[in-house]
Amino acid sequence: MTPTQLSIAFFLQVAVILVTCRLVGTAAQRWLGQPRVVGEMIAGVLLGPSLLGALAPEVQEFLFPAESKPILFVIAQFGVGLYMFLVGLGFDRDEFFKGAKGAAAVSLAGMAAPFAVAVAIAPWLLSHGGLFTPKVTQFEATLFMGAAIAITAFPMLARIIHERGLSGTSLGTLSLSAGAIDDAGAWVLIALVLASFGDGPQIAVMAIGGGFTFALFMILIAPRLLQVLDRRIAVTGMDETLLAIVLILYLLCAWAMDVAGIHAVFGGFLLGTAMPRGRLTAAIREKLEPVTVVLLLPFFFTYSGLHTELTLLGDPALLAVAALILVLSIAAKGGACYLAARLSGQDHATASGIGALMNARGLMELIVINIGLQRGIITPALFAMMVVMAIVTTLMAAPLFEAFYGRRARAEGRL
């Protein structure tokens, strides 16, 4: 395709993506009581080969020609990295440390049980064939599956806690802290897999060393250096120059992590956690969040959907594998977090609410498995299975939370 043809295709793609995501997102919000982002995840799958490609392959090929997919990929990476930057801005460091001690048991259980499952099923998945690429070792497969099962939909978890009036409660603080610890651990392990999955030990050393050095810099030094931005906004407000500086910093951090061999989302998230809290973060969110959530993030859902072939699960054997992964993921994450909360002194309702919230995978799961697919760790078949797991566990979260905790808490006046 010529640049002009690509341009014509791109504008139509954007219109179709936005219309589909808004319609399905609104339907999920209004009729299913789900966050809009859940509907947008489903919308991405509907635009891919699982539905549109199966019903009208010529239309799907016309809307999303193969030559345009690299453009969608770059915009998707930019959008999801910027979204993770915004997630980092909303990461409450004080609340995290305040609840970290009490959340240790829940977090440990939420990591240990999924990794026990991964240790058990990784050799079987490798022997099954067609799920991991041939060059993946058992160690790498175990780490990847453990991280993918252990990940929590932290942004959605924070949104549900805020919307349900749980901010500041023991359940809200414990869930947020445990989710943050789980996701931090999962991202570290994903980084290790990516680091080891290179072209030799030098690449792995560069990735691990570079990623670790960058993380230490962003945690220990960057917050002090970035205070100059907080002082500037007090004088000039959020002008165009300051916004440009913030975007340049994001792009450099994303570039640094990509060059190191990890992934751009790490750079965005770490920069977000390092930014000064207060007026600066509020102004950044006001400027960037609407365009990121409304325009850019749907590209990521669509790009994921274009690589999700649920028709691959028509094979009874693969469907059985998908069902087993789903059941084990729910039992390992939700069940383990429930038991840990009970053992730490929570009542049944509170522990059930924690388990329901921690079990959701959401957008974080899609980011993890997209990285795995892009880097040649997993195949489209396993990718489709994990997309199903991400959507089902996310759909479960809000209804189960309401059934186990929300209704009773409101009736008793606690919410």
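## A helical chain and its salt bridges

Phenylalanine 217 sits in helix α10, which covers residues 201-225. The model is predicted. With a relative accessible area of 36%, phenylalanine 217 is partly exposed. Phe217 also belongs to a nonpolar patch on the surface.

### The overall fold

The protein chain holds 18 helices and zero strands. Its radius of gyration is 21 Å, close to the 22 Å that the globule rule gives for 415 residues, so the chain is as compact as a globular protein of that length. The C-alpha trace spans about 55 × 55 × 50 Å along its principal axes.

Of the 415 residues, 55% are buried. The accessible surface of the chain comes to about 17300 Å². Carbon and sulfur atoms account for 69% of that surface.

### Salt bridges

How many salt bridges does a search of the whole structure find? The search finds three.

| Lysine 333 | Aspartate 182 | 2.4 Å |

Take the pair of lysine 333 and aspartate 182, with N and O atoms 2.4 Å apart. This pair links distant parts of the chain, 151 residues apart. Lysine 333 is in helix α15 (residues 316-343), and aspartate 182 is in helix α9 (residues 170-196). Are these two residues buried or exposed? Lysine 333 and aspartate 182 are both buried.

Arginine 285 and glutamate 289 both lie in helix α14 (residues 279-306). They are four residues apart, about one turn of the helix. Arginine 285 has a relative accessible area of 26% and is partly exposed. Glutamate 289 also counts as partly exposed, at 26% relative accessibility.

Arginine 232 is partly exposed, with a relative accessible area of 28%. Aspartate 239 has a relative accessible area of 25%, so it too falls in the partly exposed class.

Asparagine 359 lies in the loop between α16 (348-358) and α17 (362-374). Why does asparagine 359 count as buried? Its relative accessible area is 4%, and buried means under 20%. Beyond its neighbours within four places in sequence, asparagine 359 is in contact with Ser329, Ile330, Lys333, Gly334, Thr393 and Met396. Lys333, one of these contacts, is the lysine that forms a salt bridge with aspartate 182.

Glutamine 34 is in another loop, between α1 (3-31) and α2 (36-46). This glutamine is buried, with a relative accessible area of 5%. Which residues does glutamine 34 contact, leaving aside its neighbours within four places in sequence? They are Ala28, Gln29, Thr394, Leu395, Ala398 and Pro399. Glutamine 34 and serine 329 are 295 residues apart in sequence. In space, their C-alpha atoms are 21 Å apart.

Glutamate 402 is in helix α18 (residues 380-411). At 14% relative accessibility, glutamate 402 counts as buried. Not counting residues up to four places away in sequence, glutamate 402 touches Arg164, Arg407 and Arg410.

### Cysteines

How many disulfides are there? The count comes to zero. Cysteine 21 counts as buried, at 1% relative accessibility. Cysteine 337 is also buried, at 0%.

Terms used. Residues are numbered from 1 along each chain as its sequence is written. This is a predicted model: local features need pLDDT of at least 70, side-chain atom pairs count only at pLDDT 80 or more; totals for chains, interfaces and linings use all residues. Side-chain values use heavy atoms; hydrogens and water are left out. Patches are made of residues with over 30% relative accessible area and no salt bridge: like charges are joined within 9 Å, nonpolar side chains (Val, Leu, Ile, Met, Phe, Trp, Tyr) within 5 Å. Accessible areas come from the Shrake-Rupley method with a 1.4 Å probe; for residues, only the protein chains shown count as cover. A salt bridge is a side-chain nitrogen of Lys or Arg within 4 Å of a carboxyl oxygen of Asp or Glu. Helices (H or I, at least four residues) and strands (E, at least two) are DSSP runs, numbered from the N terminus. Buried means under 20% relative accessible area, exposed over 50%, partly exposed in between (1.4 Å probe, protein chains only). Contact means heavy atoms within 4.5 Å. The radius of gyration is taken over C-alpha atoms; the globule rule is 2.2 Å times the number of residues to the power 0.38. A disulfide is a pair of cysteine sulfur atoms within 2.5 Å.
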